[in-house]
Amino acid sequence: MRFALSLPRVLALALLLPCSMVFAQGARYPEKPVRVLVGYAPGGLPDTVARVVSQKMGERWGQQVVIENRAGANSGLAAELVMNAPADGYTLLVTDNSTHAINPFLYRKLPYDPARLLPVALVARAPLYLAAHSSFPANTLAEAIALLKANPGKYTYGSSGIGSTHHLCMEFMKASLGLDMAHVPYKGTGQSVPAVIAGQVPLVWSAYPSLSGSAKDGRIKLLAVNSLGRSSSAPALPAMAETIPGFDFAPTIGYFAPAGTPRELILRLSADANEAARSADVTAKLAALDIQTVGSTPEEYAAALKADEGRYAKAVKISGATAE
């Protein structure tokens, strides 16, 4: 069974589903620690954004924000937990666009309903980098493409799991360029990045926070970014869109709340998340990791997720990936 994100349905659920608290205009929030669930292992892009932005939100609130990593099912496990949590603003989800733009096309049956997770604020966007082990016999994207075309089936690539943005990005690249590489799925970037560093796989797409140290010391080399434009942090690296027009699989990261959360509280959370993400110190800290802070209204975030669906649905179809 598949679920598609529908903004009218999301807003209707926000009004109709029961909530566990009454949030009146001007009510004090939060009055106790807030849980933020991250659908991936520590150290990856969503986890990094969640910790930096949520810490700033906690400082503003004068309350502790507790980050809990619940990796599994492409963020589906965390999504299920948040969907079933009390709709009182004390349990939130931080994840990429997998929950709404990828999983509905990947899983035959989802453990959660995307429409029961309300978009709160889109706070960050970051490109993934195509990284190669230092021994890989190509030093540029053009050289890598030529090498892979000349050696079909010889090379493999790693990803953080079947249906992950990292996996779909490479499969779309393969299909667009006529490349033949076998996929080696790992359980998160905590495994896939060490695998490329150790030379177990020659190539991987991953975010800069996971790659920066090994790139600086020469254990891996960076070949390209997967956003529409080049990264300001590495302007010499080409964007894949320069080779494949329209190629854009840069992950977006944001906050979600359970359906039924009062509208006034959603707007309060959105404003606080945006203010935290756009603060000078958070912007600088994330920019150093090649993560761009964004900010949005709940409606803008819902529209962005809807726009992502077509691109990722096509990538899932190309990959042939399915998951239970």
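Strand S1 (residues 34-38) runs parallel to strand S2, and 5 bridges join the two. In this pairing, Val38 stands opposite Asn69 of S2. The model described here is predicted. S1 and S2 belong to an open sheet of 6 strands. The order in this sheet is S2-S1-S3-S10-S4-S11, and the pairing is mixed. Strand S2 (65-69) and S11 are the edge strands. Each of these two pairs on one side only.

Helix H9 (residues 263-278) packs on this sheet. The helix touches strand S3 (91-95), strand S4 (117-125), strand S10 (252-258) and S11. The direction of H9 makes about 10° with that of S4. H9 also packs against H10. Two packed helices are described by the angle between their axes and the distance between the axes. For H9 and H10, the angle is about 60° and the axes are 5 Å apart. On the H9 side, the contact is made by Ala276, Ala277 and Arg278. On the H10 side, Ala280, Val282 and Thr283 take part. By class, the contact has 4 nonpolar residues, 1 polar and 1 charged.

A further open sheet has 5 strands, in the order S7-S6-S8-S5-S9. Its pairing is also mixed. Strand S7 (182-185) and strand S9 (220-225) stand at the edges. Each has a single partner strand, so one side of each is left without a neighbour in the sheet. Neighbouring strands of this sheet are turned by 30° against each other on average, direction ignored. Strand S6 (residues 156-159) pairs with S7 in the parallel sense, over 4 bridges. Here Thr156 stands opposite Ala182 of S7. Helix H8 (residues 208-216) packs on the sheet. The contacts of H8 are with strand S5 (128-133), strand S8 (203-207) and S9. The direction of H8 makes about 120° with that of S8.

In total, the secondary structure of the protein comes to 11 helices and 11 strands. The C-alpha atoms fill a box of roughly 65 × 45 × 30 Å, taken along the principal axes. The radius of gyration is 20 Å. This agrees with expectation, because a compact globule of 324 residues would have a radius of gyration near 20 Å.

The largest pocket holds about 450 Å³ of space. It is lined by 28 residues, of which Tyr40, Asn74, Ser160, Gly161 and Gly188 are the closest to its centre. Helix H2 (45-61) and helix H6 (165-177) each supply at least two residues of this lining. The lining of the largest pocket has 13 nonpolar residues, 13 polar and 2 charged.

The second largest pocket holds about 260 Å³. Its lining has 16 residues. Closest to the centre of this pocket are Arg125, Pro127, Ser232, Asp290 and Gln292. Helix H10 (280-287) and strand S11 (292-293) each supply at least two of the lining residues. By class, the lining of the second largest pocket divides into 5 nonpolar, 8 polar and 3 charged residues.

Several loop residues deserve mention. The peptide bond from Tyr29 to Pro30 is cis, with omega near -10°. Pro30 is placed in the loop between helix H1 (7-16) and S1. Ala73 has a phi near 55°, a positive value in a residue other than glycine. Ala73 is placed in the loop between S2 and helix H3 (76-83).

Gln63 lies in the loop between H2 and S2. Residues up to four places away in sequence set aside, Gln63 touches Arg28, Pro30, Glu31, Lys32, Pro33 and Gly58. Gln63 and Gly199 are 136 residues apart in sequence. In space, their C-alpha atoms are 44 Å apart.

Conventions: Residues are numbered from 1 along each chain as its sequence is written. This is a predicted model: local features need pLDDT of at least 70, side-chain atom pairs count only at pLDDT 80 or more; totals for chains, interfaces and linings use all residues. Side-chain values use heavy atoms; hydrogens and water are left out. On a 1 Å grid over the protein atoms alone, a cavity is a set of points where a 1.4 Å probe fits but cannot get out, and a pocket is an open set with protein on both sides within 12 Å along at least five of seven lines; lining residues have an atom within 4 Å of a point. Grid points are joined across faces, edges and corners, and a volume is the space filled by probe spheres set on the points. Ala, Val, Leu, Ile, Met, Phe, Trp, Tyr, Cys and Pro count as nonpolar, Asp, Glu, Lys and Arg as charged, and the others, Gly among them, as polar. Two strands pair if DSSP finds at least two bridges between them. Contact means heavy atoms within 4.5 Å. Axes are lines fitted to C-alpha atoms, for helices over the stretch in contact, and angles run from 0 to 180 degrees between N-to-C directions. The radius of gyration is taken over C-alpha atoms; the globule rule is 2.2 Å times the number of residues to the power 0.38.
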